[in-house]
Amino acid sequence: MGNCAPKPKPKPRSRPAQHSSSLLKPDFPAVRLYGPESCPISSCLRLALLYKSVPFQFVPRSPLLGLPFLQFGADTVVGAADSLLRELDSRFPRPPAAATALADTTSAAEEVALVTALQHRSVERHVEELARWVTEMAAGGGGGKGEAARMERSYGQLVEVVLEHAQMEERLLFPAFESAADRGVCKVANEEHARDLPIINGIKEDIKSMVVMAAGTPFHQEALLSLSQRLKTLEEHFKGHFQEEEKNLLPLLDMAMRSQREEGEDESSSRSWMEQVLVLMEATHSPRLFPFFMAGLLPEEAMQYVGLVYRQTADQQRLASMLRSLITVLEAKQSIVGHLRQPT
């Protein structure tokens, strides 16, 4: 795991810290996380707690004071990131696998296959959510211009992720697959990318037109119904395409990487594939888009993805910025939920 301090420090002592009692629920013990705010390990622990919906207080400390540690009431727990995450899993089992998400036990091929499949899941759920959103708007009279503008912004973010994902596959994965399998398999996948592009652009224009339409008019209602159908078609296309890739292409990754090594490339170069995925999908992994992308993953999937990004992002400043953007969004959502649940 990464280092957050220039040199090891002795075991930290428990010390009192002020915290807001409104963050604590009776069915959870008090949890405090101490650590440097810019430290990726601190960020991973904060994300694990947020995805587990565990009320906690983060207490920032100077990197010179040592690595992050946890307090559970009067108990202080120190150790490497993996051991701290295992401690969280033992105390808060759902969702599981917070520790194994950061364990460096998978091969390069398994990492790339997993990150590709998780990207598929995020895209599928975002399209499904948009289709549900449009259906609800049609049933409720169309919503207003503000809602259409929000939908336009959300769909624009989705398109950026989809196009970067397709570019990554076409520039990195498909050429490798062609060396390990029938070229016709990749030809079909490329054709499916081209097939979906007009639908993607058509939906974008439909939403843009809706923004300027008067809600509740027959034209607006007709536009909503048309948009709903287009989104459902896109959803079906994506699911079929992703299933085909995961069944017929991603299992070939290990063979493709072995083929590269036999041709003179070593293990370190094949393990850099994950780094290439992150470089080719730079916008998706930027603070601007990363929280949106991650919102399409289930908590356990999200921790898996965080682990992959954590291990493969060499630029620690970029990694800290990505994780901090996700923490900010998750904390804001939990704050809203907590406020709504407070008795009136």
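View 1. E235 is buried, with a relative accessible area of 15% (buried means under 20%, exposed over 50% and partly exposed in between, with a 1.4 Å probe and protein chains only). Leaving aside residues up to four places away in sequence, E235 touches V127, E128 and A131, where contact means heavy atoms within 4.5 Å. This is a predicted model, in which local features need pLDDT of at least 70 and side-chain atom pairs count only at pLDDT 80 or more, while totals for chains, interfaces and linings use all residues. Residues are numbered from 1 along each chain as its sequence is written, and side-chain values use heavy atoms, without hydrogens and water.

**View 2. Strand β3 and its partners.** In β3 (residues 69–72), F69 and Q71 point one way, L70 and F72 the other, and all are buried. Strand β1 (residues 31–35) runs antiparallel to β3, joined by four bridges; two strands pair if DSSP finds at least two bridges between them. Look for V31, whose bridge partner in β3 is F72. F72 also has D75 as its bridge partner in β4.

**View 3. The β3–β4 hairpin.** Strand β4 (residues 75–77) pairs with β3 in the antiparallel sense over three bridges. Two residues separate the strands of this hairpin, and G73 in the turn has a positive phi of about 65°.

**View 4. Strands β1 and β2.** Here β1 and β2 (residues 57–60) run parallel, joined by four bridges. R32 has Q57 as its bridge partner in β2.
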